[in-house]
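Have a look at the fold first, then read on.

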Amino acid sequence: YDIADIVKDPHVIGRKILVDVPDDELGVVRMAAPAPRLGETPAEIRWTGPSLGAHNRAVYGALGIGDAELADLRRDGIV
């Protein structure tokens, strides 16, 4: 199977193994559903994840890079 076969497989469709999750930047993203599936406490996917660079300030800050230097890196297309 390649991915095209997987998304068309009747078992995958019937078991709802793949779910479509909305994303503000990408539109709809198809993702694997949470497993295992628990009757009393079902899991759900609430979001696709943070935007690219959303945590740059915290990560670069932990490395000792301040806001001014980070702005320079952004301006120069480095981050």
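A quick word on terms: buried means under 20% relative accessible area, exposed means over 50%, and partly exposed is in between, using a 1.4 Å probe and protein chains only. This is a predicted model, where local features need pLDDT of at least 70 and side-chain atom pairs count only at pLDDT 80 or more, while totals for chains, interfaces and linings use all residues. Residues are numbered from 1 along each chain as its sequence is written, and side-chain values use heavy atoms, with hydrogens and water left out. Helices (H or I, at least four residues) and strands (E, at least two) are DSSP runs, numbered from the N terminus.

- For charge, Lys and Arg count as positive and Asp and Glu as negative, with His and the chain ends not counted. A salt bridge here is a side-chain nitrogen of Lys or Arg within 4 Å of a carboxyl oxygen of Asp or Glu.
- Aspartate 23 sits in strand S1. Aspartate 23 is buried but has no salt bridge, and the nearest side chain of opposite charge, arginine 30, is 14 Å away.
- What does the side chain of aspartate 23 make a polar contact with? The partner is the side chain of threonine 48, at 2.2 Å. A polar contact is a pair of N or O atoms within 3.5 Å; within protein, one must be able to donate a hydrogen and the other to accept it, and residues adjacent in sequence count only if both atoms are side-chain atoms.
- Leaving aside residues up to four places away in sequence, aspartate 23 touches Val29 and Thr48 (contact means heavy atoms within 4.5 Å).
- Aspartate 9 lies in the loop between helix H1 (3-8) and helix H2 (10-14). Aspartate 9 is also buried with no salt bridge, and arginine 15, the nearest side chain of opposite charge, is 9.8 Å off.
- The side chain of aspartate 9 has a polar contact with the side chain of tyrosine 1, at 2.5 Å.

**Salt bridges**

- Side chains of opposite charge can pair when their charged atoms come close. The salt-bridge rule gives a count of four.
- Aspartate 67 and arginine 57 pair up through their side chains in a salt bridge, 2.7 Å from N to O. This pair ties together distant parts of the chain, with aspartate 67 in helix H4 (residues 67-75) and arginine 57 in helix H3, 10 residues apart.
- Aspartate 67 is partly exposed at 43%, whereas arginine 57 is exposed at 56%.
- Asp72, Arg75 and Asp76 are linked in a salt-bridge network.
- Aspartate 72 and arginine 75 are three residues apart in helix H4, so about one helical turn separates them.
- Arginine 75 also bridges to aspartate 76, where the closest N and O atoms are 3.2 Å apart.
- As for accessibility, aspartate 72 is partly exposed at 35%, arginine 75 is exposed at 60%, and aspartate 76 is partly exposed at 49%.

- Most residues other than glycine have a negative phi, and most peptide bonds are trans.
- Lysine 16 has a positive phi of about 55°, though it is not a glycine. Lysine 16 belongs to the loop between H2 and strand S1 (18-23), and it counts as exposed at 58% relative accessibility.
- Alanine 35 and proline 36 are joined by a cis peptide bond, with omega about 0°. Proline 36 is in the loop between strand S2 (27-32) and helix H3 (56-62).
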